[in-house]
Amino acid sequence: MPHAHISLITLGVSDLRRTARFYESLGFVRKMKAAGDNVAFFEAGGVALSLFENDKLAADAGLAPETASPGFRGISLAWNCDTEAHVDEVLATAVNAGGKLLKPAQTAFWGGYHGYFADPEGHIWEVAHNPHFPLSPDGKPSVPD
């Protein structure tokens with residue numbers, strides 16, 4: 001059995017160009033631009049992030065188009081930071097790029113510091129400084145036993 005891992009996260013979007021610009025504004029580096037206007041790929045620190053139109057993503061998974069509705073999807077992505085100040089900086093950058101602040105940064109019940117934003121399509125991101133998850137120099141968390 002191969003080692004379990006996540007290699008690619010695909011977000012379904014209704015406006016690919018707008019959402020791609022948003023992620024570029026956050027500092028994600030777009031790759032494979034030759035793939036055209038149907039999909040966007042970004043380097044995302046050990047995994048790849050892609051954006052794909054909602055209806056095409058649903059069809060690719062064998063689902064009916066009506067399953068590609070926007071709204072809360074029961075998932076959040078996380079951006080871990082090395083300091084509380086970096087959390088504040090990322091949240092401000094997201095809002096300035098067109099994201100929506102959902103929860104201002106604050107001390108968390110688990111001992112860290114975090115806040116939430118939504119991208120222009122409503123995908124939820126937690127931005128956190130977690131003193132219990134040390135980060136490598138390239139930003140990868142080390143999840144303790």
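Strand 6 (residues 100-107) and strand 7 run antiparallel and are joined by five bridges. Strands here are DSSP runs of E with at least two residues, helices are runs of H or I with at least four residues, and both are numbered from the N terminus. Two strands count as paired if DSSP finds at least two bridges between them. The model is predicted, so local features need pLDDT of at least 70 and side-chain atom pairs count only at pLDDT 80 or more, while totals for chains, interfaces and linings use all residues. Residues are numbered from 1 along each chain as its sequence is written, and side-chain values use heavy atoms, with hydrogens and water left out.

A118 stands opposite I124 of strand 8. The hairpin of strand 7 and strand 8 has five residues between the strands, and in this hairpin G122 has a positive phi near 95 degrees. Strand 7 (residues 113-118) is mostly covered, with five of its six residues buried. Buried means a relative accessible area under 20%, exposed means over 50%, and partly exposed lies in between, for a 1.4 Å probe and protein chains only.

How many salt bridges does a search of the whole structure find? The search finds three, where a salt bridge is a side-chain nitrogen of Lys or Arg within 4 Å of a carboxyl oxygen of Asp or Glu. One of them joins the side chains of R18 and E121, at 2.9 Å from N to O. This pair links distant parts of the chain, as R18 lies in helix 1 (residues 16-25) and E121 in the loop between strand 7 and strand 8, 103 residues apart. R18 is partly exposed, with a relative accessible area of 32%, whereas E121 is buried at 9%.

Another salt bridge is formed by E43 with K31, whose closest N and O atoms are 3.5 Å apart. Here too the pair links distant parts of the chain: E43 belongs to strand 3 (residues 39-43) and K31 to strand 2 (residues 29-31), 12 residues apart. E43 is partly exposed, with a relative accessible area of 47%, and K31 is partly exposed at 36%. In the salt bridge of K56 with E53, the closest N and O atoms are 3.1 Å apart. K56 is partly exposed at 33% relative accessible area, and E53 is partly exposed at 21%.

What remains is the open space. The largest pocket holds about 950 Å³. On a 1 Å grid over the protein atoms alone, a pocket is an open set of points where a 1.4 Å probe fits, with protein on both sides within 12 Å along at least five of seven lines; lining residues have an atom within 4 Å of a point. The lining of the largest pocket has 29 residues, and A44, G45, A78, W79 and G139 lie nearest the centre. Strand 4 (48-53) and strand 5 (76-80) each supply at least two lining residues, and strand 5 gives the largest share, five residues.

Definitions and conventions
Grid points are joined across faces, edges and corners, and a volume is the space filled by probe spheres set on the points.
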